[in-house]
There are 2 protein chains.
Amino acid sequence: MTATASFNPKAFRDALSTFTTGVTIITTRGTEGEPIGITANSFNSVSLNPPLVLWSLAKSAFSLSAFSSNKHWNVHVLSVEQEALSGRFASRGEDKFAGIELDRGINDIPLLHNCTARFQCRTAFMYEGGDHVIFVGEVLGFDKSELPPLAFQSGQYALAARKPREGVRLSNAQSHPPECSYTEDLLGYLAGRAHYQLVAYLRTLLQNHRLDEHAFFVLSVLSIQDRLTLDQINHFVAYTGREVTMAMMLFLEKQRYVAIEMDGEDQRFVLTADGREVSLEHVAVAKAVEQDITEKLGAGDTQALKILLKRLIHATDPGLPDLWQAEPQTSDAY
Amino acid sequence: MTATASFNPKAFRDALSTFTTGVTIITTRGTEGEPIGITANSFNSVSLNPPLVLWSLAKSAFSLSAFSSNKHWNVHVLSVEQEALSGRFASRGEDKFAGIELDRGINDIPLLHNCTARFQCRTAFMYEGGDHVIFVGEVLGFDKSELPPLAFQSGQYALAARKPREGVRLSNAQSHPPECSYTEDLLGYLAGRAHYQLVAYLRTLLQNHRLDEHAFFVLSVLSIQDRLTLDQINHFVAYTGREVTMAMMLFLEKQRYVAIEMDGEDQRFVLTADGREVSLEHVAVAKAVEQDITEKLGAGDTQALKILLKRLIHATDPGLPDLWQAEPQTSDAY
């Protein structure tokens, strides 16, 4: 940290933006009754008794006159699903409300749907704030949903991943021996253990079907891209580091989970109705486990975990083929 | 969402707390020159030109007289490592500054170390805010570090997991076929692919050492808890769903990575110097990969990912033994 003597506007904004915020849309009506709305992250609570909240609006904002004359306005704390709405109300477009379903709030001020929380307010004070006006509003009504809120930090949308107050530790050991570098904090260990613990839920079902984890991957691949050659299957499953052999495919055929079709010289593997059913059964278990985890972690944190895993996968992707792309790139027979 | 007619204070606080914030400590000096500091999440930016920020302080706060008389105060945007400091300054303790290293800011106002950002301010306005006073300060100086900031949401500390503006997708497919339930959004798929892609970085090194992933786990376990029986090793590696056989241990012995010691009737496996070196080499690669990922995802997001993985592991833990606990629970020979 070095002290900044002169004020570089970008550096100042960068420093300010490290303070994490939620994202709100604040609505009112103009003098003609037209709906007005802007995105703001300058919202905060002020007082519980009386109930007051505040936010600030640029003096240069087109909507300043509306918010100055209409004393009623509604604050919407946006949910993670409302990122697009945030962008829409942050721009200068004319028809921000086009196609948006609205409730009518106090004094007919627009109320948006699917927010995390909403506060219906009446201006209590308007304060001087440099190039902004600070609006302090008395809260006349509010409501709250269970939707996880959208956050904003350093110029990017974010999800708040909550950390338990006492931290999270896997081991009860007081300390790791200093020479021991394989710790519970190693990302590779955590990803591996998460993976294996999730697979463990499938194991009984897999054993009942005389399948292993790897065979489940093969059936899953065929459930998305059917009629693949062994090479193509391996193309999609290669990331596991284990090769799918012809012997395994013949075992799956014997189990009647796959059938073999000839395509000229090529053998192509097709999922049977039984194979599809078994695959769906496994995915159903995986989804039930995920539902249970979502209840324990919370919807927002589960979503944050998925986003972070996807970013990890992107960051470490050796260039794997796109399983969900309509045309497998290695196929010339479709 | 249902409108709330009457004001339940807890419900109001719950609704307000869905708005995510950062966490700050704000410091000043009292009339005797004593350092004063409080935790506040009501901070926000107001104006860029002139540079103004605001926060609000309960009228009942012990520190109100100090902040009212001393026009200078410093805002510290706390980093993720400063959760304990946040708790300390949120309490009413007398010696909040005991043992804390301070810089001297403008007008000798205390400046804390290891924050994400710091703003040195002079009161521009004090505004009425119900049961709080709103302090608007002109920013006289600021600085910023690269430490990820601490966040706060719904009464819990959090880390902001940033989501790219365009979202994160693994597949370029426009849509998944409706009947296809195995999608890139399945948590189990994401955890598996993350795991296998991380292991892929180790594969060449493993092959050079004639080891597989599973043997790496065995060596890692022995690097933490040495002199284990085969049963004890399996106890720790059972979560992978694959049994460690005596044949594998004898292969590792032949490779001179482990040695066998007799303990009465029991065979115990001991990591050799070679085995320890190989294990450390693999962990070094895993750490280099993690370093690379941290650079791509950012330190805060990597930390958020680890916390979420640990919470997932807790949520799905079938009761695995604690590898890092000093005494293995199944051992009676130590």
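Which helix of chain A is S68(A) found in? That would be α2, which covers residues 64-69. Keep in mind that this is a predicted model.

The cut-offs put buried under 20% and exposed over 50%.

P50(A) sits in the loop that runs between β4 (44-47) and β5 (52-58) of chain A.

Chain B has a cis bond to look at too, going from N49(B) to P50(B), again with omega near 0°. On that chain, P50(B) has its place in the loop between β4 (44-47) and β5 (52-58).

D108(A) isn't a glycine, yet its phi is positive, at about 65°. You'll find D108(A) in the loop between β7 (102-104) and β8 (110-112) of chain A. Its relative accessibility is 26%, so D108(A) counts as partly exposed.

Over in chain B, the residue to check is N107(B), another non-glycine with a positive phi, this one about 60°. N107(B) belongs to the loop between β7 (102-104) and β8 (110-112) of chain B. With 51% relative accessibility, N107(B) counts as exposed, because the exposed class begins over 50%.

## A negative patch on chain A

Which residues gather in a patch of negative charge on the surface? They are D231(A), E243(A), E265(A) and D266(A).

Take E243(A) as a way in. This glutamate lies in the loop between α6 (230-237) and α7 (246-254) of chain A. At 61% relative accessibility, E243(A) counts as exposed.

Switch to chain B and look at helix α7, residues 246-254, where the buried residues are M248(B), M249(B) and L252(B). Why do they end up on the same side of α7(B)? Because they cover an arc of only 100° around the axis.

Key: Residues numbered from 1 in each chain as written. Chains lettered and ligands numbered in written order. Predicted model: local features only at pLDDT ≥ 70, side-chain atom pairs only at ≥ 80, totals over all residues. Heavy atoms only, no water. Patch = residues over 30% accessible without salt bridge, like charges linked within 9 Å, V, L, I, M, F, W, Y side chains within 5 Å. Areas by Shrake-Rupley, 256 points an atom, 1.4 Å probe, with all protein chains shown as cover. Salt bridge = Lys/Arg side-chain N within 4 Å of Asp/Glu carboxyl O. Lys, Arg positive; Asp, Glu negative; His and termini not counted. Charge placed at Lys NZ, Arg CZ, Asp CG, Glu CD. Helix = DSSP H or I, 4+ residues; strand = E, 2+ residues; numbered from the N terminus. Buried < 20%, exposed > 50% of the residue type's maximum accessible area, 1.4 Å probe, protein only. Arc of directions from axis to C-beta.
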